Amino acid sequence: FMNTLNNIHALIDIDTEYAKNAVIELSKMMRYVLYDSGREIISLNKDIQFIQNYIGLMRIRYTNDVDIRVEYPHDLPTQVSIPPLLLIVFVENAFKHGVSYNNPSFIHMHVDYSDGKVTGTISNSRHTQKGERHSAGIGLDNVRKRLELIYGPRNYTLDIEENTTTYTVKLVIPTLNA
């Protein structure tokens, strides 16, 4: 939120209308975090909208320098529900670790729903410096613990694939009843 506020502050002098819209999008995100994310489950549509709002605000910072794609079924039934704020952790990490100001970068997200399961796949570019080592952060550990608490050890799948140029997370979770 602090980075976004700083970006909006800089935008005020450049493009006031865009800055106004950014404030509205930020308020939608804050409303979701304050009121909706405290629930045990949330509609997948609302969670995707939150991610879209986040990505919209991140576009302020990166403009068109980053290839950002989000694909999801636009005809999701409203009763398809998941725990809130699971997917956003991976999207935040994609922006944090997958974007370079010096190299072409991408973030691709695909969400699918079938047979009572939601599959979220987030891929991003990797830009590791020579000798740099990536270690799993606290966000990923917290997501794993949260998944275990909600689904148990065998009722979800979290696969992470990484190579020198790409980092991909695939999460498969059963939907929860509203």
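This is a predicted model: local features need pLDDT of at least 70, side-chain atom pairs count only at pLDDT 80 or more; totals for chains, interfaces and linings use all residues.
Tyr 54 and Phe 95 are both buried. A pair of aromatic rings is described by the distance of the centres and the angle of the planes.

The structure holds two aromatic pairs. One is stacked: the rings of Tyr 32 and Phe 50 lie 4.6 Å centre to centre, with 20° between the planes. This pair links distant parts of the chain. Tyr 32 sits in helix α2 and Phe 50 in helix α3, 18 residues apart. Tyr 32 has a relative accessible area of 5%, so Tyr 32 is buried. Phe 50 counts as buried too, at 6% relative accessibility.

Now take Tyr 54 and Phe 95. Their ring centres are 5.8 Å apart and their planes stand at 75°, so this pair is edge-to-face. Here too, distant parts of the chain are linked: Tyr 54 belongs to helix α3 and Phe 95 to helix α4 (residues 87-98), 41 residues apart.

Back to helix α2, residues 16-36. At 1.5 Å a residue, its 21 residues should span 30 Å. The end C-alpha atoms are 29 Å apart, which agrees.

Which residues of α2 are buried? They are Ala 19, Ala 22, Leu 26, Met 29, Tyr 32 and Asp 36. These residues cover an arc of only 165° around the axis, so they lie on the same side of α2. On the other side, Leu 34 and Tyr 35 are exposed. What do the buried residues of α2 pack against? Their partners are α1 (2-14), β1 (42-43) and α3 (44-62). Helix α3 also holds Phe 50, the stacking partner of Tyr 32.

How values were computed:
Residues are numbered from 1 along each chain as its sequence is written. Side-chain values use heavy atoms; hydrogens and water are left out. Helices (H or I, at least four residues) and strands (E, at least two) are DSSP runs, numbered from the N terminus. The expected span of a helix is 1.5 Å times one less than its number of residues. Buried means under 20% relative accessible area, exposed over 50%, partly exposed in between (1.4 Å probe, protein chains only). The arc is that of the directions from the helix axis to the C-beta atoms. Contact means heavy atoms within 4.5 Å. Rings of Phe, Tyr and Trp (its six-membered ring) pair if their centres lie within 6.5 Å; planes under 30 degrees apart count as stacked, over 60 as edge-to-face and the rest as tilted.
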